[in-house]
Amino acid sequence: MITIPYVTALATYFSYGLLFVFGHIRDLFRKITGCFSSNNLQGYAPICLGNEDFYQRRLYQRIRDCFERPIASAPDAWFDLVERFSNDSNKTLERTTRIRRCLNLGSYSYLGFAAPDEYCTPRATDSLNKYSPSTCSSRVDGGTTVLHKELEKHVANFLGKQDAIVFGMGYVTNSAILPVLIGKGGLIISDSLNHCSIVNGARGSGATIRVFQHNTPSHLEEVLREQISEGQPRTHRPWKKIVVIVEGIYSMEGDFCKLPEIVAICKKYKAYTYLDEAHSIGAIGKTGRGVCELLGVDPADVDIMMGTFTKSFGSCGGYIAGSKELIQYLKYTCPAHLYATSMSPPAAEQIISAIKVILGEDGTSRGAQKLARVRENSNFFRSELQKMGFEVLGDNDSPVMPIMLYNPAKIPAFSRECLKRNVAVVVVSFPATPLLLARARICLSASHTKEELLKALEVISQVGDLLGIKYFGAEPKKHQQEEKMKKLE
Amino acid sequence: MMNEASMNPQFEISSKMASAVLKIVNTTLDWVTLALDAPSARAVVFGVHIGGHLFVEWSSFSYFPRKVTSPLRAFNKEDELCDEWVPESLIPPITEEMQSEPPVLESAAGVHTIINGKEVVNFASANYLGLIGHEKLLESCTSALEKYGVGSCGPRGFYGTIDVHLDCEARIAKFLGTPDSILYSYGLSTMFSAIPAFCKKGDVVVVDEGVHWGIQNGLYLSRSTIVYFKHNDVESLRNTLEKFTAENQRAKKLRRYIVVEAVYQNSGQIAPLDEIIRLKEKHRFRVLLDESNSFGVLGSSGRGLTEYCGVPIDKIDIVTAAMGHALATEGGFCTGSARVIDHQRLSSSGYVFSASLPPYLASAAITAIDVLEENPGLITKLKANTALLWKGLSDIPGLSIASNPESPIVFLKLEKSTGSMKNDLSLLEDIADRVLKEDSVFVVASKRSTLDKCRLPVGIRLFVSAAHSESDLQKAAESLKRVTALVLKS
């Protein structure tokens with residue numbers, strides 16, 4: 001639960017108000033001077049009308065150097081950041097040849113497979129030489145190789161489902177599967193904080209969409225009861241089918257979904273469950289099997305399990321796992337399977353090798369060590385940040401940690417101050433999060449050692465003091481004082 | 001303490017006022033927070049541009065939960081209705097055709113590949129320049145794999161931008177002669193992310209009826225007004241544009257687009273770009289061109305349809321292409337003026353919300369363009385191969401060629417259709433299967449998804465490559481002739 005102090009809320013509104021006012025004044029000047037300059041696109045409507053890109057031009061452009069920072073090495077625990085400079089107040093950013101070695105707290109490499117790995121990379125290189133970087137063909141034409149078949153079998157075994165289908169990109173997996181499964185006359189109930197790919201897929205399907213409050217199973221039940229009894233809008237005919245979509249870990253909040261309760265409610269009301277495990281697969285659970293393992297839900301209870309390979313497996317692509325009939329049907333109708341180029345063979349080999357490492361089938365216990373390390377790292381880091389007085393969101397065991405910033409001026413300040421001290425962090429603001437609730441998001445990895453975490457904590461504490469974002473006040477000092485007082489008494 | 005307060009009426013009134021004021025302040029703050037929360041579309045995750053225009057769209061989209069008040073609750077009818085309701089099954093029953101499996105390759109998808117232990121001639125990969133298995137490509141990929149690993153582990157905005165991506169974008173822009181370009185991590189998502197970034201609700205898009213699913217989905221997501229014109233028919237396009245311009249004389253702020261593909265995936269036809277440009281300039285439309293199958297193929301140096309038709313590239317507003325064809329890598333790119341590209345970096349959902357292209361594929365793209373520039377002979381060889389194959393296939397009784405003689409996709413359709421697309425497709429699949437089993441030539445029949453709106457006839461597609469030899473092409477032509485005669489007789 002986010003509790004924002006009133007003073008901070010007022011200060012944030014005031015800052016945004018000031019930025020908007022200045023933005024509009026500058027727009028006014030631009031209109032006045034624009035009247036005198038000629039436009040060679042006479043007769044064509046402009047690409048962006050009026051206020052459509054106001055946010056981009058006047059607010060985002062000021063902090064543009066905090067985003068899209070290029071790197072010159074693998075996104076491992078440390079990477080080489082390429083420095084950029086701008087001569088026209090962030091309109092264009094030029095690369096320099098200067099490089100800065102930074103601690104990486106932003107990449108999604110939960111198990112540390114981002115860098116060349118001793119087991120996975122030689123195998124990926126072999127498959128590259130054997131199968132070439134691409135098959136130039138879709139899966140139904142000439143793009144299915146033995147690697148793809150093997151990969152689907154491994155993924156299905158890993159998740160405990162009957163069969164799986166893989167695609168070359170995680171975003172397309174959601175956008176292309178939902179229109180196939182449900183169409184007009186169906187109902188999609190999705191969590192209010194779901195990812196854009198789910199939103200796009202839901203909109204593309206033509207079904208009616210309803211939203212329930214983030215992670216609140218009681219509200220989901222209310223919405224289900226109301227929708228089933230009322231039926232379709234206007235005609236009141238019964239719904240053809242209902243699909244409830246939730247995510248394993250919500251990447252902006254860092255919390256797990258309440259899967260056991262949601263699955264129980266869906267069973268009771270005969271709705272289908274769709275679980276998107278983009279961030280949680282491979283990183284959560286004792287053996288890395290995701291949020292089902294962690295929360296004790298039988299995979300057979302979730303109808304459709306979706307996930308991506310970009311985060312924990314260090315590759316690219318997405319998968320859907322389900323019953324054999326479901327996967328057969330998808331292979332026959334899904335446009336991403338029929339039209340898009342199949343997954344690149346070296347990427348498929350990387351995933352197979354990564355799954356083998358996680359399960360210990362490569363003969364070592366590196367997989368189990370990695371999983372234990374990412375869990376320890378996350379819990380240690382979170383508790384330390386909370387002791388220092390930062391407002392940190394998310395559940396225990398989750399490697400995603402948002403730190404609340406609130407004020408728009410603190411967003412670039414946090415990012416730039418950390419960069420000066422060689423720590424690279426990710427900051428997110430409106431419109432990805434609500435206006436008031438800007439945050440910095442930390443993603444930990446199994447390749448971070450204890451010393452690196454301590455260094456990061458030191459830097460964040462320094463910057464936090466400088467910016468005044470320790471909203472909760474450092475607790476241990478208070479506790480220590482109380483204990484001292486008690487001892488004296 | 002409570003007694004004291006109740007005994008003092010002034011204290012009571014002032015405390016009541018204080019609590020009332022506090023309540024008002026609380027509700028105002030709640031209302032303000034709610035009002036500002038509404039347009040932020042909590043479904044969105046990463047930093048993306050949602051402008052004022054989309055504010056209204058998202059909030060009216062009701063992507064934030066509302067209070068549930070059901071009148072049926074009062075009568076306890078809800079329980080009954082919930083118990084009675086029976087949903088449809090998630091998927092329809094599985095039929096026989098759904099169970100067919102495509103052939104599995106056991107080696108690289110070059111011109112000769114191994115299926116089921118046998119070596120076959122491969123006409124199913126869009127490997128136009130024969131770059132699959134090229135040593136330079138494999139070298140650059142290997143060094144990129146050893147330096148960067150496989151994935152990039154992050155979207156472009158959050159440390160997923162690797163220097164090879166920026167180099168690749170610059171190389172593509174230099175090759176085509178445009179100011180800038182932007183890389184996407186998947187070929188199919190290029191068009192269906194680029195279109196909603198520019199076409200919004202209320203805009204008008206005139207599009208060919210034979211475009212592929214990616215473009216159709218992008219148009220559906222953009223919620224613009226869509227008008228189809230007859231496949232590759234300039235007359236039909238002219239009539240549609242004239243009709244539209246006559247009806248909307250005063251709409252100055254309306255954005256207008258024409259979307260065409262250079263070489264159509266569904267039929268192999270080539271769009272007449274010079275005439276389209278003339279029409280576009282007359283009626284003030286913007287052109288979006290999809291050059292997936294013509295990049296690296298058409299034009300004397302492989303720069304695509306613009307070079308082939310002699311049109312300067314800055315007349316086309318937005319050019320997109322998937323790199324999974326001539327360049328033998330994965331992903332896609334979009335190129336155009338600086339304004340167009342910059343706008344996509346914040347508003348294109350497939351770019352902002354998705355992990356970036358794996359670095360080894362970007363370095364493969366750079367090497368592929370280098371190889372293409374050094375060896376323009378590949379393009380002439382491809383043209384010669386296409387002409388040869390055309391000659392061999394043009395006299396098959398029962399099948400006619402529906403594609404343009406210069407297109408690298410040779411599309412054979414049934415001369416006399418059986419009347420239903422399903423039967424046509426099963427006949428063609430039969431031919432393709434027998435050609436593979438009996439003569440070791442790998443061709444495929446074009447399959448359609450149930451979501452695809454395209455109504456063009458299905459057919460057998462052959463992708464010609466510059467690496468095919470004459471004997472390969474002759475073998476394919478003879479085998480198709482023989483098997484078609486057998487299948488169509490029965």
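**Exercise 1. Determine how many of the ten residues of helix α9 (residues 213-222) of chain B are buried, and name them.**

Solution. Helix α9 of chain B is mostly covered, with nine of its ten residues buried. Buried stands for under 20% relative accessible area, exposed for over 50%, and partly exposed for the range in between (1.4 Å probe, protein chains only). Helices are DSSP runs of H or I with at least four residues, strands are runs of E with at least two, and both are numbered from the N terminus. The buried residues are Trp213(B), Gly214(B), Ile215(B), Gln216(B), Asn217(B), Gly218(B), Leu219(B), Leu221(B) and Ser222(B). Just after α9(B), Arg223(B) has a positive phi of about 60°.

The model is predicted: local features need pLDDT of at least 70, side-chain atom pairs count only at pLDDT 80 or more, and totals for chains, interfaces and linings use all residues. Residues are numbered from 1 along each chain as its sequence is written, chains are lettered from A and ligands numbered from 1 in the order in which they are written, and side-chain values use heavy atoms, with hydrogens and water left out.

**Exercise 2. Describe the burial and pairing of strand β6 (residues 242-247) of chain A.**

Solution. Start with burial: six of the six residues of β6(A) are buried. Ile242(A), Val244(A) and Val246(A) point one way, while Val243(A), Ile245(A) and Glu247(A) point the other way.

Next, take the neighbours; two strands pair if DSSP finds at least two bridges between them. Strand β4 (residues 187-191) of chain A runs parallel to β6(A) and is joined to it by four bridges, with Ile188(A) partnered by Val243(A). Strand β7 (residues 272-276) of chain A also pairs with β6(A) in the parallel sense, over five bridges; here Ile245(A) has Tyr274(A) as its bridge partner.

**Exercise 3. Characterise the interface of chain A and chain B by contacts, buried area and polar pairs.**

Solution. Contacts (heavy atoms within 4.5 Å) involve 139 residues of chain A and 140 residues of chain B.

The two chains bury about 12400 Å² between them, 62% of it on carbon and sulfur atoms. This area is the accessible area (1.4 Å probe) that two parts lose on being put together, summed over both. In chain A, Ile47(A), Arg203(A) and Tyr339(A) lose the most area to chain B, together 6% of what that side buries.

Four salt bridges are counted between the chains, each with a side-chain nitrogen of Lys or Arg within 4 Å of a carboxyl oxygen of Asp or Glu. One of them joins Lys149(A) and Glu101(B) at 2.7 Å, N to O.

How values were computed. A polar contact is a pair of N or O atoms within 3.5 Å; within protein, one must be able to donate a hydrogen and the other to accept it, and residues adjacent in sequence count only if both atoms are side-chain atoms.
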